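Trainee: I am new to this structure and would be grateful for a close look at one residue and the part of the fold to which it belongs.

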Amino acid sequence: MAQGKRYLLTGASSGIGAALARELASKGYDVALAARRTDSLHLLAAELQARFGRKAIVLPLDITDYDACHDAIGLAANALGGLDGVIANAGIALTGKAGGGHFKRVRLTLETNLIGSIACLDAACALFRQQGHGHLVAIASVAGKRGLPHSAGYSASKAGLISYMEATRAELLGKNIDTTLLLPGFIDTPLNRDMSKRPFLIDVERGAALLAKHIDKRHSSAYVPSWPWAIIGRLLPFLPTSMIAKF
Ligand SMILES: NC(=O)c1ccc[n+]([C@@H]2O[C@H](COP(=O)([O-])OP(=O)(O)OC[C@H]3O[C@@H](n4cnc5c(N)ncnc54)[C@H](OP(=O)(O)O)[C@@H]3O)[C@@H](O)[C@H]2O)c1
């Protein structure tokens, strides 16, 4: 049986999410576009309908409102006539030294990237168990493979998301619900434009094309792009702390 292509995408108002929505629509996906900036979502939805003739609906959503994440799954399913997948992409990258008075930023990073993403994935998983099929996708990061200096909250949020997806994958094995864990390196978006160094940077269109390919093929996990991040990501846990401290 052909796999359905009706997906909810969080963080669709900017960067990777917006570019990924275009890629998926070009591959025949209908999408529910979620974020807080609804003006951008409406423009994107109109573009997807005009360019690709796909259904694109707008869902205002703050993923730190965990009840709203639950509701968004039902709203997306109703609006699209069913739901085949959810992509937990929304995220923030607030950096700062540990103990440097940044606890509120760290907490918001965890509330958004980790708990907000899990709120969406968990609600979708409940629906997918009920209907007997579905696809859970999470956009984590290479930064989740090893805690990086000045990004303790961000690394912790992405490490938690990786762990959640690994556990979910094991639980859902053989249940006709797929999981895809994606680990980007540096992709050019507003999230990282202020960073002084962005090694092996790729543009957002290329990043989205690679991510869409892995999602469409329902790969279990992938680094994006695979070179050099698949090697770096696998090495990171084994590098000495003295080397990590220089990052
Ligand atoms: N760019 C990279 O190099 C890179 C690398 C690894 C991982 N990632 C991950 O990729 C994902 C997308 O990042 P990006 O680079 O595309 O950044 P971006 O351009 O800043 O986009 C972030 C998106 O997340 C949404 N968002 C943030 N907080 C939200 C909230 N509380 N509720 C709902 N939506 C929220 C934003 O929408 P609103 O502000 O409109 O709500 C926006 O659409 C993030 O999870 C990020 O950690 C990015």
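Which residues does Glu-23 touch, not counting residues up to four places away in sequence?

Mentor: Glu-23 touches Ala-208, Ala-209 and Ala-212, with residues up to four places away in sequence left out of the count; contact requires C-beta atoms, placed from the backbone, within 7 Å. The model is predicted, so local features need pLDDT of at least 70 and side-chain atom pairs pLDDT 80 or more, whereas totals for chains, interfaces and linings use all residues. Residue numbers start from 1 along each chain as its sequence is written.

Glu-23 lies in helix α1 (helices are DSSP runs of H or I with at least four residues, strands runs of E with at least two, numbered from the N terminus). Leu-201 stands 178 residues from Glu-23 along the chain, and the two C-alpha atoms are separated by 19 Å.

Seven strands form an open, parallel sheet in the order β3-β2-β1-β4-β5-β6-β7, where pairing requires at least two DSSP bridges. From one strand to the next, the twist averages 15°; angles run from 0 to 180 degrees between N-to-C directions of axes fitted to C-alpha atoms, for helices over the stretch in contact. Five bridges join strand β1 (residues 6-10) to strand β2 (residues 30-35) in the parallel sense, and Thr-10 stands opposite Ala-34 in β2.

Helices pack on this sheet. Helix α2 (residues 38-52) touches β2 and β3, and its direction makes about 170° with that of β3. Helix α4 lies across β1, β4 (85-88), β5 and β6, and runs at about 165° to β5. Helix α4 is also among the elements that cover the buried residues of α5, together with β5 (134-139) and β6 (177-184). Those buried residues of α5 include Gly-153, Tyr-154, Leu-161 and Met-165. After α5 comes Gly-174, with a positive phi near 80°.

Key: A residue is buried if 20 or more other C-beta atoms lie within 10 Å of its own, exposed if 12 or fewer, and partly exposed in between; C-beta atoms are placed from the backbone. Two residues are in contact if their C-beta atoms, placed from the backbone, lie within 7 Å.
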